[in-house]
Amino acid sequence: MALQLGDIAPDFEADTTQGNIKFHDWLGTSWGVLFSHPKDYTPVCTTELGYTAKLKPEFDRRGVKAIGLSVDPLADHVNWSKDIEETQGHKVNFPMIADPERKVANLYGMIHPNASDTLTVRSVFIIDANKKIRLTLTYPASTGRNFDEILRVIDSLQLTDKHKLATPVNWKPGEDAIIVPSVSDEDAKKLFPQGFKTLKPYLRTTAVPK
Ligand code: BEZ
């Protein structure tokens with residue numbers, strides 16, 4: 001069965017551009033973003049990896065480690081990284097898993113045989129500090145992902161964990177959030193001393209605590 005939200009992200013050992021890793025040990029107490037791309041030396045992937053490298057300070061600020069994967073060999077990852085830096089202006093500063101035997105790709109269901117029986121699709125797994133899968137995304141090979149959206153989801157998830165707040169449609173950091181339904185009005189008064197608006201008993205909004 002496909003991996004689902006709330007499942008523990010399967011552990012694995014793999015060779016990466018930053019050495020051999022045991023995934024759970026490598027994550028430590030950080031969150032993780034594990035993402036696959038179809039193939040090295042391809043244009044869309046080149047832009048995605050360059051942009052992910054640019055976002056490293058943003059991932060760091062949120063306690064998140066990014067790690068890429070494709071079924072290409074390590075030597076290709078290393079050589080292709082030079083092209084990424086040259087064309088995208090950012091040195092790849094996170095590990096890229098070399099998975100030529102498709103061990104990790106199969107473990108995470110990153111190969112969708114009716115799309116391609118050899119290459120990985122564009123999968124994303126956001127994994128929290130307890131190693132639980134909190135988001136899965138699957139994009140086709142021809143569509144580059146929006147990594148700003150991945151950061152936005154991490155902000156939303158961390159907000160829920162920290163403050164019992166959910167985020168409305170198209171929410172952006174700095175905007176009001178929604179008090180989760182399991183919080184009573186009585187508890188909400190204590191949790192959100194800044195106050196909250198009740199539009200309906202089930203729809204209560206508040207400013208995000210600093
Ligand atoms: C790309 O990264 O550009 C790409 C990879 C596989 C199929 C189509 C596009």
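The model is predicted.

Start with helix α6, which covers residues 147-163. How far apart should its ends be? At 1.5 Å a residue, its 17 residues should span 24 Å.

Asn-146 caps the N-terminal end. A side-chain oxygen of Asn-146 lies 3.0 Å from the backbone nitrogen of Asp-148. After the helix comes Lys-164. The phi of Lys-164 is positive, near 60 degrees.

Which residues of α6 are buried? Among them are Phe-147, Ile-150, Leu-151, Val-153, Ile-154 and Leu-157. An α-helix has 3.6 residues a turn, so residues three or four places apart point the same way. Keep that in mind when you trace the buried positions along the helix.

Next comes the largest nonpolar core, which has 24 residues. Val-33, Phe-35, Phe-59, Phe-94 and Ile-126 have the most contacts inside this core. Several elements give two or more residues to it: β3, α2, β4, α4, β6 and α6. Of these, α6 gives the most, with 6 residues. A second, separate core has 20 residues, including Ala-14, Leu-69, Ile-97 and Ile-111.

What does Ile-126 touch, leaving out residues up to four places away in sequence? Its contacts include Ile-150, Val-153, Ile-154 and Leu-157.

Strands of a sheet pair through backbone hydrogen bonds, either parallel or antiparallel. Here 4 strands form an open sheet, in the order β8-β9-β11-β10, and the pairing is antiparallel. The edge strands are β8 (165-166) and β10 (197-200), and each pairs on one side only. Inside the sheet, 2 bridges join β9 (residues 177-179) to β11 (residues 203-206). Ala-177 has Thr-206 in β11 as its bridge partner.

Finish at the ligand. Which residues surround the ligand? They are Pro-38, Thr-42, Pro-43, Val-44, Cys-45, Arg-122 and Ala-141. An N or O atom in the side chain of Thr-42 is 2.9 Å from a ligand oxygen. Pro-43 and Val-44 use backbone atoms. A backbone N or O atom of Pro-43 lies 3.2 Å from a ligand oxygen, and one of Val-44 lies 2.6 Å from a ligand oxygen.

Definitions and conventions
Residues numbered from 1 in each chain as written. Predicted model: local features only at pLDDT ≥ 70, side-chain atom pairs only at ≥ 80, totals over all residues. Heavy atoms only, no water. Expected span 1.5 Å × (residues − 1). Buried < 20%, exposed > 50% of the residue type's maximum accessible area, 1.4 Å probe, protein only. Polar contact = N/O pair within 3.5 Å; in protein donor to acceptor, adjacent residues only side chain to side chain. Pairing = 2+ DSSP bridges. Core = buried A, V, L, I, M, F, W, Y, C linked by side-chain atoms within 4.5 Å. Contact = heavy atoms within 4.5 Å. Near = heavy atom within 4 Å.
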